[in-house]
Amino acid sequence: MKKILLLGGSAQQVVAITTAKQLGYYTVLCDYLPDNPGQYEADQFYLVSTTDKEAVLQIAQKEKIEGVLAYASDPAAPTAAYVSEQLGLPGNPATSVEILCNKDKFRLFLKNNGFNAPTSRGYSDKQIAMKDTSTFQLPVIVKPVDSSGSKGATVIYSWDDLSSALDDAFLFSRSYRIIIEEFIERKHEYLIGGDIFIVDGQVKLWGLLNCHRDKNVNALVPVGKSYPLLLGEKDVQNVKDTLQRLVTALELKSGSVNVELVIDKNNKVWPIDIGPRAGGNMIPDFLGLIFGIDIVKLSVLAAMGQSILFSTEASESFYATHNLHSAINGEFLGVKYSDDIRSHVIKECIYKKAGDSVEFFDNAAKAIGIVFMKFDSVVQMESFLRDINSHIKISLKERA
(Lines give C-alpha, C1' and ligand atoms only; values in the text may rest on other atoms or scores of the structure.)
Protein backbone atom coordinates (compact mmCIF):
# COMPACT_ATOMS: atom_id res chain seq x y z
CA MET A 1 0.00 0.00 0.00
CA LYS A 2 1.37 3.41 -0.98
CA LYS A 3 1.98 5.84 1.86
CA ILE A 4 1.21 9.55 1.99
CA LEU A 5 2.55 11.94 4.62
CA LEU A 6 0.08 14.61 5.74
CA LEU A 7 1.31 17.69 7.57
CA GLY A 8 -1.32 19.02 9.95
CA GLY A 9 -4.28 17.35 11.65
CA SER A 10 -6.58 20.23 12.57
CA ALA A 11 -10.36 20.02 12.21
CA GLN A 12 -10.18 21.59 8.75
CA GLN A 13 -7.40 19.20 7.69
CA VAL A 14 -9.08 15.95 8.71
CA VAL A 15 -10.86 15.83 5.35
CA ALA A 16 -7.51 15.37 3.59
CA ILE A 17 -6.69 12.38 5.80
CA THR A 18 -10.06 10.69 5.29
CA THR A 19 -9.93 11.37 1.55
CA ALA A 20 -6.46 9.83 1.26
CA LYS A 21 -7.69 6.73 3.10
CA GLN A 22 -10.71 6.47 0.81
CA LEU A 23 -8.31 6.51 -2.14
CA GLY A 24 -6.51 3.52 -0.69
CA TYR A 25 -3.41 5.20 0.73
CA TYR A 26 -1.79 4.48 4.09
CA THR A 27 -1.84 7.80 5.96
CA VAL A 28 1.01 9.09 8.13
CA LEU A 29 0.33 12.31 10.04
CA CYS A 30 2.64 14.86 11.66
CA ASP A 31 1.29 17.55 14.01
CA TYR A 32 2.78 19.32 17.02
CA LEU A 33 -0.50 19.51 18.96
CA PRO A 34 -1.18 16.48 21.16
CA ASP A 35 -4.96 17.03 20.96
CA ASN A 36 -5.29 17.38 17.17
CA PRO A 37 -8.32 15.45 15.83
CA GLY A 38 -6.46 14.14 12.79
CA GLN A 39 -4.48 11.60 14.82
CA TYR A 40 -7.66 9.59 15.34
CA GLU A 41 -8.19 9.29 11.59
CA ALA A 42 -4.62 8.65 10.40
CA ASP A 43 -3.08 5.19 10.26
CA GLN A 44 0.11 6.43 11.90
CA PHE A 45 0.69 9.59 13.96
CA TYR A 46 3.88 11.40 14.94
CA LEU A 47 3.85 14.23 17.47
CA VAL A 48 6.26 16.38 15.48
CA SER A 49 6.09 20.01 14.37
CA THR A 50 5.25 20.38 10.71
CA THR A 51 7.79 23.22 10.48
CA ASP A 52 10.69 21.00 11.61
CA LYS A 53 11.98 20.05 8.17
CA GLU A 54 14.69 17.62 9.25
CA ALA A 55 12.48 15.78 11.73
CA VAL A 56 9.72 15.41 9.13
CA LEU A 57 12.27 14.27 6.53
CA GLN A 58 13.47 11.52 8.88
CA ILE A 59 9.90 10.32 9.37
CA ALA A 60 9.31 10.35 5.60
CA GLN A 61 12.45 8.27 5.07
CA LYS A 62 11.55 5.85 7.87
CA GLU A 63 8.00 5.35 6.58
CA LYS A 64 9.08 5.17 2.92
CA ILE A 65 6.63 7.89 1.99
CA GLU A 66 5.64 8.31 -1.67
CA GLY A 67 3.88 11.67 -1.43
CA VAL A 68 3.63 14.66 0.94
CA LEU A 69 0.67 17.00 1.38
CA ALA A 70 0.42 20.14 3.54
CA TYR A 71 -3.30 20.62 3.10
CA ALA A 72 -4.52 24.19 3.79
CA SER A 73 -1.38 25.02 5.78
CA ASP A 74 1.03 27.90 5.11
CA PRO A 75 3.55 26.98 7.85
CA ALA A 76 3.82 23.38 6.64
CA ALA A 77 4.03 24.12 2.91
CA PRO A 78 7.81 24.77 2.85
CA THR A 79 8.39 21.53 4.78
CA ALA A 80 6.30 19.54 2.31
CA ALA A 81 8.23 21.01 -0.61
CA TYR A 82 11.59 20.42 1.09
CA VAL A 83 10.85 16.78 1.91
CA SER A 84 9.47 16.11 -1.56
CA GLU A 85 12.53 17.65 -3.19
CA GLN A 86 14.97 15.76 -0.95
CA LEU A 87 13.31 12.43 -1.71
CA GLY A 88 12.53 13.07 -5.37
CA LEU A 89 8.78 12.96 -4.78
CA PRO A 90 6.05 14.91 -6.60
CA GLY A 91 5.77 18.54 -5.56
CA ASN A 92 6.51 22.14 -6.37
CA PRO A 93 10.04 23.65 -6.23
CA ALA A 94 11.10 24.26 -2.64
CA THR A 95 12.62 27.63 -3.55
CA SER A 96 9.33 28.81 -5.08
CA VAL A 97 7.33 27.65 -2.08
CA GLU A 98 9.70 29.51 0.25
CA ILE A 99 9.20 32.67 -1.81
CA LEU A 100 5.42 32.39 -1.61
CA CYS A 101 5.46 31.74 2.14
CA ASN A 102 7.58 34.80 2.94
CA LYS A 103 6.00 38.10 2.02
CA ASP A 104 9.23 40.09 1.72
CA LYS A 105 10.74 37.48 -0.61
CA PHE A 106 7.52 37.43 -2.62
CA ARG A 107 7.49 41.21 -3.03
CA LEU A 108 11.09 41.11 -4.28
CA PHE A 109 10.20 38.30 -6.69
CA LEU A 110 7.30 40.33 -8.08
CA LYS A 111 9.50 43.38 -8.59
CA ASN A 112 12.31 41.41 -10.26
CA ASN A 113 9.95 39.56 -12.60
CA GLY A 114 7.89 42.40 -13.99
CA PHE A 115 4.77 42.14 -11.83
CA ASN A 116 3.11 45.01 -10.02
CA ALA A 117 4.63 45.18 -6.55
CA PRO A 118 4.01 47.72 -3.78
CA THR A 119 6.93 49.62 -2.27
CA SER A 120 7.98 47.42 0.62
CA ARG A 121 10.77 46.52 3.01
CA GLY A 122 11.29 43.72 5.52
CA TYR A 123 12.61 44.16 9.06
CA SER A 124 13.82 42.03 11.93
CA ASP A 125 14.38 44.98 14.26
CA LYS A 126 11.60 47.28 15.45
CA GLN A 127 13.83 50.29 16.01
CA ILE A 128 15.22 50.15 12.48
CA ALA A 129 11.68 49.97 11.11
CA MET A 130 10.62 52.95 13.24
CA LYS A 131 13.40 55.10 11.73
CA ASP A 132 12.68 54.13 8.12
CA THR A 133 9.36 55.90 7.56
CA SER A 134 10.75 58.17 4.81
CA THR A 135 10.79 55.12 2.52
CA PHE A 136 6.99 55.09 2.37
CA GLN A 137 3.93 57.19 1.76
CA LEU A 138 0.87 56.65 3.93
CA PRO A 139 -1.24 54.60 4.14
CA VAL A 140 0.88 51.50 4.64
CA ILE A 141 0.16 48.00 5.85
CA VAL A 142 2.33 46.35 8.50
CA LYS A 143 2.27 42.55 8.75
CA PRO A 144 4.38 39.47 9.53
CA VAL A 145 6.21 38.02 6.54
CA ASP A 146 5.04 34.50 7.36
CA SER A 147 1.47 34.53 8.65
CA SER A 148 -1.92 34.01 7.03
CA GLY A 149 -5.52 34.91 7.82
CA SER A 150 -4.53 38.57 8.40
CA LYS A 151 -2.95 37.66 11.74
CA GLY A 152 -0.87 40.58 12.95
CA ALA A 153 -1.74 42.81 9.98
CA THR A 154 -2.62 46.50 10.42
CA VAL A 155 -3.25 49.34 7.98
CA ILE A 156 -2.03 52.64 9.39
CA TYR A 157 -2.80 56.17 8.23
CA SER A 158 -0.57 57.94 10.76
CA TRP A 159 3.00 57.19 11.78
CA ASP A 160 1.83 57.61 15.39
CA ASP A 161 0.31 54.13 15.06
CA LEU A 162 3.46 52.46 13.73
CA SER A 163 4.86 51.27 17.07
CA SER A 164 1.78 49.29 18.09
CA ALA A 165 1.35 47.92 14.56
CA LEU A 166 4.93 46.66 14.60
CA ASP A 167 4.39 45.00 17.99
CA ASP A 168 1.34 43.14 16.65
CA ALA A 169 3.16 42.05 13.51
CA PHE A 170 6.24 40.77 15.34
CA LEU A 171 3.99 38.90 17.79
CA PHE A 172 2.53 36.79 14.98
CA SER A 173 5.73 36.15 13.04
CA ARG A 174 7.27 32.71 13.46
CA SER A 175 10.60 34.02 12.13
CA TYR A 176 10.32 37.36 14.00
CA ARG A 177 10.38 39.29 10.74
CA ILE A 178 7.82 41.78 9.47
CA ILE A 179 7.16 43.79 6.32
CA ILE A 180 5.94 47.34 5.79
CA GLU A 181 4.45 47.99 2.39
CA GLU A 182 2.42 50.48 0.42
CA PHE A 183 -1.31 49.89 0.85
CA ILE A 184 -2.94 49.49 -2.57
CA GLU A 185 -6.36 51.11 -2.83
CA ARG A 186 -8.63 48.93 -4.97
CA LYS A 187 -11.15 50.20 -7.50
CA HIS A 188 -13.72 47.48 -6.88
CA GLU A 189 -15.64 46.74 -3.71
CA TYR A 190 -14.12 43.36 -2.98
CA LEU A 191 -10.70 41.79 -2.95
CA ILE A 192 -10.33 38.95 -5.42
CA GLY A 193 -9.62 35.66 -3.69
CA GLY A 194 -10.16 31.93 -3.79
CA ASP A 195 -8.17 28.99 -5.11
CA ILE A 196 -6.79 27.98 -8.47
CA PHE A 197 -5.75 24.40 -9.31
CA ILE A 198 -2.69 23.67 -11.43
CA VAL A 199 -2.10 20.62 -13.62
CA ASP A 200 1.23 20.27 -15.46
CA GLY A 201 2.03 23.94 -14.97
CA GLN A 202 -1.28 25.23 -16.32
CA VAL A 203 -4.20 26.63 -14.33
CA LYS A 204 -7.15 24.30 -14.97
CA LEU A 205 -9.55 25.56 -12.30
CA TRP A 206 -10.28 29.26 -11.80
CA GLY A 207 -11.95 29.35 -8.40
CA LEU A 208 -12.02 33.16 -8.18
CA LEU A 209 -14.32 34.66 -5.57
CA ASN A 210 -15.36 37.94 -3.98
CA CYS A 211 -13.70 38.33 -0.56
CA HIS A 212 -15.85 39.95 2.13
CA ARG A 213 -14.68 41.85 5.21
CA ASP A 214 -16.40 43.16 8.36
CA LYS A 215 -15.27 46.71 9.11
CA ASN A 216 -16.89 46.50 12.54
CA VAL A 217 -14.23 44.05 13.73
CA ASN A 218 -11.23 44.16 11.39
CA ALA A 219 -11.35 45.39 7.80
CA LEU A 220 -8.45 43.09 6.88
CA VAL A 221 -9.80 39.77 8.15
CA PRO A 222 -11.87 37.69 5.69
CA VAL A 223 -15.41 36.99 6.87
CA GLY A 224 -16.67 35.13 3.83
CA LYS A 225 -16.64 34.55 0.09
CA SER A 226 -19.26 34.86 -2.63
CA TYR A 227 -19.73 33.64 -6.19
CA PRO A 228 -19.88 34.59 -9.02
CA LEU A 229 -16.97 37.00 -9.18
CA LEU A 230 -18.33 40.53 -9.60
CA LEU A 231 -15.80 41.85 -12.11
CA GLY A 232 -15.96 42.84 -15.77
CA GLU A 233 -14.65 40.40 -18.37
CA LYS A 234 -11.54 42.46 -19.11
CA ASP A 235 -10.59 42.64 -15.44
CA VAL A 236 -11.17 38.91 -15.01
CA GLN A 237 -8.92 38.15 -17.97
CA ASN A 238 -6.19 40.42 -16.60
CA VAL A 239 -6.35 38.57 -13.29
CA LYS A 240 -6.13 35.19 -15.04
CA ASP A 241 -3.21 36.31 -17.20
CA THR A 242 -1.34 37.58 -14.14
CA LEU A 243 -1.87 34.35 -12.21
CA GLN A 244 -0.78 32.13 -15.09
CA ARG A 245 2.34 34.25 -15.56
CA LEU A 246 3.09 33.83 -11.86
CA VAL A 247 2.61 30.06 -12.03
CA THR A 248 4.96 29.88 -15.02
CA ALA A 249 7.60 32.18 -13.51
CA LEU A 250 7.62 30.17 -10.26
CA GLU A 251 7.65 26.86 -12.16
CA LEU A 252 4.72 25.57 -10.12
CA LYS A 253 3.69 22.16 -11.39
CA SER A 254 0.52 20.98 -9.68
CA GLY A 255 -1.93 21.36 -6.83
CA SER A 256 -4.08 24.01 -5.20
CA VAL A 257 -2.87 27.59 -4.83
CA ASN A 258 -4.68 30.12 -2.67
CA VAL A 259 -4.79 33.61 -4.20
CA GLU A 260 -5.59 37.18 -3.20
CA LEU A 261 -5.32 40.11 -5.59
CA VAL A 262 -6.65 43.63 -6.12
CA ILE A 263 -7.17 45.84 -9.16
CA ASP A 264 -6.38 49.51 -8.65
CA LYS A 265 -8.04 52.56 -10.17
CA ASN A 266 -5.60 52.41 -13.10
CA ASN A 267 -6.74 48.83 -13.89
CA LYS A 268 -3.44 47.34 -12.74
CA VAL A 269 -3.55 43.87 -11.14
CA TRP A 270 -1.62 43.58 -7.86
CA PRO A 271 -0.93 40.11 -6.41
CA ILE A 272 -1.26 40.49 -2.64
CA ASP A 273 -0.84 36.97 -1.31
CA ILE A 274 -0.29 33.72 -3.19
CA GLY A 275 -0.22 30.63 -0.95
CA PRO A 276 1.13 27.29 -2.25
CA ARG A 277 -1.72 25.31 -0.69
CA ALA A 278 -5.50 25.04 -0.59
CA GLY A 279 -7.27 27.95 1.05
CA GLY A 280 -8.59 27.87 4.59
CA ASN A 281 -12.13 28.64 5.70
CA MET A 282 -13.34 25.62 3.70
CA ILE A 283 -12.69 27.23 0.31
CA PRO A 284 -12.18 23.80 -1.35
CA ASP A 285 -15.59 22.69 -0.07
CA PHE A 286 -17.12 25.90 -1.38
CA LEU A 287 -15.54 25.50 -4.82
CA GLY A 288 -16.59 21.86 -4.88
CA LEU A 289 -20.16 23.02 -4.41
CA ILE A 290 -19.82 25.55 -7.24
CA PHE A 291 -17.92 23.45 -9.77
CA GLY A 292 -19.05 19.94 -8.88
CA ILE A 293 -15.54 18.54 -8.28
CA ASP A 294 -13.71 17.12 -5.27
CA ILE A 295 -10.73 19.43 -4.82
CA VAL A 296 -9.47 17.59 -1.75
CA LYS A 297 -9.28 14.41 -3.81
CA LEU A 298 -7.43 16.25 -6.56
CA SER A 299 -4.96 17.63 -3.98
CA VAL A 300 -4.20 14.14 -2.65
CA LEU A 301 -3.75 12.72 -6.16
CA ALA A 302 -1.44 15.60 -7.10
CA ALA A 303 0.70 14.98 -4.01
CA MET A 304 1.01 11.33 -5.02
CA GLY A 305 1.97 12.21 -8.60
CA GLN A 306 -1.14 10.66 -10.10
CA SER A 307 -2.62 11.74 -13.43
CA ILE A 308 -5.34 14.32 -12.94
CA LEU A 309 -8.20 14.72 -15.36
CA PHE A 310 -11.27 16.75 -14.58
CA SER A 311 -13.75 19.06 -16.22
CA THR A 312 -15.57 21.93 -14.59
CA GLU A 313 -18.98 23.35 -15.19
CA ALA A 314 -19.61 26.40 -13.07
CA SER A 315 -22.95 26.58 -11.34
CA GLU A 316 -25.42 29.21 -12.46
CA SER A 317 -26.54 29.62 -8.85
CA PHE A 318 -25.36 32.26 -6.41
CA TYR A 319 -23.40 31.06 -3.39
CA ALA A 320 -21.78 32.63 -0.35
CA THR A 321 -20.02 31.65 2.85
CA HIS A 322 -19.97 33.56 6.11
CA ASN A 323 -17.38 33.06 8.81
CA LEU A 324 -19.20 33.17 12.13
CA HIS A 325 -17.44 35.62 14.42
CA SER A 326 -17.85 37.92 17.37
CA ALA A 327 -17.05 41.58 18.02
CA ILE A 328 -16.57 40.86 21.74
CA ASN A 329 -15.08 38.23 24.04
CA GLY A 330 -17.52 35.91 25.74
CA GLU A 331 -19.00 32.47 26.28
CA PHE A 332 -20.62 30.87 23.24
CA LEU A 333 -24.32 30.10 23.54
CA GLY A 334 -25.38 29.54 19.94
CA VAL A 335 -26.15 31.02 16.50
CA LYS A 336 -29.38 32.83 15.66
CA TYR A 337 -30.68 33.22 12.10
CA SER A 338 -33.31 35.67 10.90
CA ASP A 339 -36.43 34.14 9.37
CA ASP A 340 -35.49 35.74 6.04
CA ILE A 341 -32.07 34.12 5.72
CA ARG A 342 -32.80 30.74 7.27
CA SER A 343 -34.12 29.24 4.02
CA HIS A 344 -30.88 30.22 2.24
CA VAL A 345 -28.60 28.37 4.66
CA ILE A 346 -27.64 25.04 3.08
CA LYS A 347 -24.83 23.95 5.41
CA GLU A 348 -23.29 25.03 8.68
CA CYS A 349 -20.07 23.96 10.37
CA ILE A 350 -19.80 25.13 13.97
CA TYR A 351 -16.43 24.77 15.68
CA LYS A 352 -17.63 25.79 19.13
CA LYS A 353 -20.05 24.16 21.56
CA ALA A 354 -22.16 25.87 24.19
CA GLY A 355 -19.95 27.15 27.00
CA ASP A 356 -16.77 27.46 24.91
CA SER A 357 -14.82 30.70 25.01
CA VAL A 358 -15.10 33.05 22.04
CA GLU A 359 -12.64 35.86 21.32
CA PHE A 360 -12.87 39.14 19.46
CA PHE A 361 -12.42 38.40 15.76
CA ASP A 362 -9.11 40.07 14.96
CA ASN A 363 -7.78 37.17 12.87
CA ALA A 364 -9.19 34.25 10.92
CA ALA A 365 -8.15 31.68 13.53
CA LYS A 366 -10.83 33.02 15.89
CA ALA A 367 -13.77 32.07 13.65
CA ILE A 368 -16.63 30.28 15.42
CA GLY A 369 -17.66 28.37 12.32
CA ILE A 370 -18.71 28.72 8.69
CA VAL A 371 -22.15 28.95 7.10
CA PHE A 372 -22.83 28.11 3.44
CA MET A 373 -25.69 29.89 1.68
CA LYS A 374 -27.44 29.76 -1.71
CA PHE A 375 -29.40 32.64 -3.23
CA ASP A 376 -31.68 33.23 -6.20
CA SER A 377 -29.88 36.23 -7.72
CA VAL A 378 -26.88 38.50 -7.35
CA VAL A 379 -29.12 41.30 -6.14
CA GLN A 380 -30.62 39.11 -3.43
CA MET A 381 -27.20 37.78 -2.38
CA GLU A 382 -25.67 41.25 -2.20
CA SER A 383 -28.61 42.55 -0.19
CA PHE A 384 -28.24 39.84 2.44
CA LEU A 385 -24.45 40.03 2.60
CA ARG A 386 -24.37 43.80 3.07
CA ASP A 387 -26.52 43.37 6.18
CA ILE A 388 -25.32 39.92 7.21
CA ASN A 389 -24.74 40.79 10.88
CA SER A 390 -28.43 41.55 11.34
CA HIS A 391 -29.39 38.18 9.81
CA ILE A 392 -26.81 35.95 11.50
CA LYS A 393 -26.06 36.73 15.14
CA ILE A 394 -23.82 35.05 17.67
CA SER A 395 -25.42 34.55 21.04
CA LEU A 396 -22.87 35.11 23.79
CA LYS A 397 -22.62 35.54 27.51
CA GLU A 398 -20.27 38.45 27.99
CA ARG A 399 -17.29 37.97 30.23
CA ALA A 400 -17.12 40.07 33.38
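Biologist: Which order do the strands have in the open sheet of 3 strands?
Modeller: The order is 17-15-19, and the pairing is antiparallel. Strands here are DSSP runs of E with at least two residues, helices are runs of H or I with at least four, and both are numbered from the N terminus. Two strands pair if DSSP finds at least two bridges between them.
Biologist: Before we go on, what am I looking at, and how are things counted?
Modeller: This is a predicted model, where local features need pLDDT of at least 70, side-chain atom pairs count only at pLDDT 80 or more, and totals for chains, interfaces and linings use all residues. Residues are numbered from 1 along each chain as its sequence is written, and side-chain values use heavy atoms, with hydrogens and water left out.
Biologist: Thanks! Back to that sheet: which strands stand at the edges?
Modeller: Strand 17 (357-358) and strand 19 (392-398) do; each has a single partner strand, so one side of each has no neighbour in the sheet.
Biologist: How many bridges join strand 15 to strand 17?
Modeller: There are 2 bridges between strand 15 (residues 330-337) and strand 17. Glu331 stands opposite Ser357 of strand 17.
Biologist: What about the open sheet of 4 strands, what is its order?
Modeller: That one runs 3-2-1-4 with parallel pairing. Strand 3 (44-47) and strand 4 (68-69) are the edge strands, each pairing on one side only.
Biologist: How many bridges does strand 2 have with strand 1, and how many with strand 3?
Modeller: Strand 1 (residues 3-7) is joined to strand 2 by 5 bridges, while strand 2 and strand 3 share 4 bridges. Leu6 has Leu29 of strand 2 as its bridge partner, and Val28 faces Gln44 in strand 3.
Biologist: How many residues of strand 2 are buried?
Modeller: In strand 2 (residues 26-31), 5 of the 6 residues are buried. Buried means under 20% relative accessible area, exposed is over 50%, and partly exposed is in between, using a 1.4 Å probe and protein chains only.
Biologist: Switching to helices: at what angle do helix 2 and helix 3 pack?
Modeller: Helix 2 (residues 53-63) and helix 3 (residues 77-87) pack at about 50°, with axes 10 Å apart. That makes helix 2 oblique to helix 3. Angles under 35 degrees count as roughly parallel, over 145 as roughly antiparallel, 65 to 115 as roughly perpendicular, and the rest as oblique.
Biologist: Which residues make the contact?
Modeller: Among them are Val56, Leu57 and Ala60 of helix 2, and Tyr82 and Val83 of helix 3. Contact means heavy atoms within 4.5 Å.
Biologist: Last one: why is helix 9 largely enclosed?
Modeller: Because 7 of the 9 residues of helix 9 (residues 283-291) are buried, including Phe286, Leu287 and Phe291. Gly292 follows helix 9 and has a positive phi, near 70°.

How values were computed
Axes are lines fitted to C-alpha atoms, for helices over the stretch in contact, and angles run from 0 to 180 degrees between N-to-C directions.
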